[in-house]
Amino acid sequence: MLRLAWRRSAYNFSRVEPAPLGSAAFLGADSPQQKSKGSIRCLRHIPHPPSVRSPLLHCQSACCCLSSSVLMSMASGGEGPSSNPHRHTNRLAKERSPYLLQHAYNPVDWYPWGQDAFDKAKNEDKPIFLSIGYSTCHWCHVMERESFEDEEIGKILSDNFVCIKLDREERPDVDKVYMTFVQATSGGGGWPMSVWLTPDLRPFIGGTYFPPRDSGRRPGFKTVLARITEQWRNNRPALESSGDRILESLKKGTAVAANPGDSPPLAPDVANRCFKQLAHSYEEEYGGFRDAPKFPTPVNLMFLMSYWSVNGSTSDGGEALQMALHTLRMMALGGIHDHVAKGFHRYSTDSSWHVPHFEKMLYDQAQLAVAYITASQISGEQFFADVAKDILLYVSRDLSDKSGGFYSAEDADSVPASGGAEKREGAFCVWTAAEVRELLPDVVAGTTGSATLAEIFMHHYGVKELGNVAPEQDPHGELQGQNVLIVRYSVELTAAHFGISVEKVKELLASARAKMAEVRKSRPCPHLDTKMLASWNGLMLSAYARVGAAQGDKALLERAVRAAGFLKQHLWEAERETLLRSCYRGDQMEVQQISPPISGFLCDYAFIICGLLDLYEATLETEWLQWAEELQLRQDSLFLDQQGGGYFASDPTDTSVLLQLKEDQDGAEPSANSVSASNLLRLSHYTGRQEWLKTSQKLLAAFSDRLTRVPIALPEMVRALMAQHYTLKQIVIRGQRDAPDTASLLAAVYSLYIPHKVLMLIEDDTDSFLGQRLPALSSMSQQTVSGGGGGGVATAYVCQDFTCSLPVTDPQELRRLLLDGSTDTQAQ
């Protein structure tokens, strides 16, 4: 492996000049915006910013855990309870969202999103100031410190507006409506998002971050508030009229529907165009898409690997696989990957995956674990499998609740170990050369020049005496003199450099990382968002199920089952047949719920159904298949557009949500419609419900225009379209669940990446879930043991397009069949 010539480069964001007062696009200049196909995030480093008993099942956290009472006491600029009594307490102190609790002691008369705030605005005829963010958002913290903790600004807000604070992760439906408005009127968006609404919730001005005071041509937040107040009093009809026109335009512009008789577009053409668009944006040196900032975008990587699976013999197919594997490899070697505590940070601020935005999100860990295990199945490289398992180790240790659920995120900012009350981004993760030398002083016997462990470690991970972060990557000086660990050499080159064996280098580096992990435990911890979201838990359920099955790891599969049990116990109301969006960790580490709870959205149903289908294929326990069917029926009744096809993102009967949107972009998370298209196809094969196949086809037809013109916006939906076109393989194993011969056949299936398949296990019970729905399965019998004595042996059938293979009992023969499909067949 050649030495990695990592380069550093600053990145620029498009800037929007302040619009004239009264315009719906009233934005301060230099607000953070991301116009890429990836999710819009709270971005960092912007000048003048807007901002067995398996160890996987029983790990000591790398950080201390704080109760919600402590979280309520925390100011966002410091960690832990304040020694001074709070001067102000607002209604948010009664909430459970960690983001809302961060603002509970602002001198702002905050309301949570709800009828009380709406009624107050109508009764007092005041405009609403809606502030949207999330608890691990760096620039949300900045705006709080600068503006929402300011007594003067707090009084202006409270006197002139009804102030609502909203956690975007609790209410993605509301966030999406107003983000659509801000993007449409400004050309960009981000968090914190600031939107001003009429008392009937119609937006008229929106922006992102505002600095507290005027600076040059940029109006400060105080000035913005004064101008909006003056315009509301003296020019209100113009404000409302402008907002109304934009909202009506958005309703038309965001409509997604199929006309009667429409069919999905031709899959090969769409897939080829999606590949070409991704290849055009691909950055060859370090992988990834675009120069900087770089986001992991697992949806792109999964599409590329699926594209390869059906185009492997072509040059485009080979290029697609190379793009995916190179990107995954470079990310794993880069600083975006936490080499000490594992897991991945949100994104890289440079093109070489070196200096990250240090926030860690649950949905990234889930999707990346699946991408890495898929890369391992395709390539056979243990390296990728190890990365997948390391991600799950991090999640099990640091993002897991004892109930079986998963927490949402870990903050980028924390108080430096050297002291001081002010948080710094990355303080928990970075190292000085002096710290490394002090921690790893031992001389390693047999090395060239009697090198110390520190010298070996520093050489391998690029640690420099003056720090390895370029000034342009650190405009605020938070990382001065610090090192972000990044693999600079292969273990082979490091071994050659110091004259020792490769195995010795691996052992030494592992020992050094373990020592550093212990030191990190003593550092002040980043804030942990202990909110547990149904959709993100569904994504993580898929990750544990798929990695556990591919690796034959019972501990991972047990953790997946616990996660499914958590979802059913705490986020499913069986009487109302309704998923709940979220639950929370209480003061005594118990699971708590708010009253009334937030009902689940489309993404909650879609991601959990996908997770349950993956869990069924990993465990072959039909209870998860049954629940997936039940949830799909409920999803259809709540969100399906019977006329136009596809699903609305939220309940169409909720009058507080002004736009009924169908998510049309796979970004940081796949869109729920994309996932649903695949879920419906898979479930139609498991249940025999042909109406679900038709629903999936109509969904794809509804998105036909977007799939045809810009498939790069919907790579996950393109995968679903490909699955429809190439049809699913039905892999049926007839045998006893716990028998060794059954396990051998299943291991052959799990070892391969087969994107277009469903897997079923049929035992002797003809009254089983599958037996009742798929009568044809009864004809698939076990082959008898050679010689005629004894019972049958586990037998596999591979069916596609109403044709099945002859029965197979040898695992290697099954592998060959699944890889190339060359075998005799019989009519089903």
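Predicted model: local features only at pLDDT ≥ 70, side-chain atom pairs only at ≥ 80, totals over all residues.
Two packed helices are described by the angle between their axes and the distance between the axes. For α10 and helix α25 (residues 715-726), the axes come within 8 Å and cross at roughly 25 degrees. Axes here are lines fitted to C-alpha atoms, for helices over the stretch in contact, with angles running from 0 to 180 degrees between N-to-C directions. The two helices α10 and α25 therefore count as roughly parallel to each other (angles under 35 degrees are roughly parallel, over 145 roughly antiparallel, 65 to 115 roughly perpendicular, and the rest oblique).

Stepping back to the whole chain, there are 28 helices and 24 strands, taken as DSSP runs numbered from the N terminus (H or I, at least four residues, for helices; E, at least two, for strands). Of the 828 residues, 62% count as buried, meaning under 20% relative accessible area, with exposed over 50% and partly exposed in between (1.4 Å probe, protein chains only).

Salt bridges come next. With a side-chain nitrogen of Lys or Arg within 4 Å of a carboxyl oxygen of Asp or Glu as the criterion, the count is 46. One of them joins Asp-316 and Lys-276, at 3.3 Å from N to O. Asp-316 sits in helix α11 (residues 315-333) and Lys-276 in helix α9 (residues 267-281), so this pair ties together parts 40 residues apart in sequence. Lys-276 is partly exposed, at 46% relative accessibility.

Lys-294 and Glu-283 also meet in a salt bridge, with 2.5 Å from N to O. Both residues lie in the loop between α9 and α10 (298-311), so the parts tied together are 11 residues apart in sequence. Lys-294 is buried at 0% relative accessibility, and Glu-283 is buried too, at 11%.

Then there is Glu-629 with Arg-689, whose closest N and O atoms are 3.1 Å apart. This pair links distant parts of the chain, 60 residues apart: Glu-629 is in helix α21 (residues 622-639), while Arg-689 is in the loop between α22 (672-687) and α23 (690-702). Glu-629 is buried at 7%, whereas Arg-689 is partly exposed at 25%. Elsewhere, a network of salt bridges links Asp-150, Glu-152, Arg-213 and Lys-222.

Among the strands, β22 (residues 795-800) is mostly covered, with five of its six residues buried. Strands count as paired if DSSP finds at least two bridges between them. β22 pairs with strand β18 (residues 729-734) in the antiparallel sense over five bridges, and Ile-733 stands opposite Ala-796 in β22. β22 also pairs with strand β23 (residues 803-805), again antiparallel, over two bridges; here Gln-800 stands opposite Thr-803 in β23. β22 and β23 form a hairpin with two residues between them, and Asp-801 in the turn has a positive phi of about 55 degrees.

Technical notes. Residues numbered from 1 in each chain as written. Heavy atoms only, no water.
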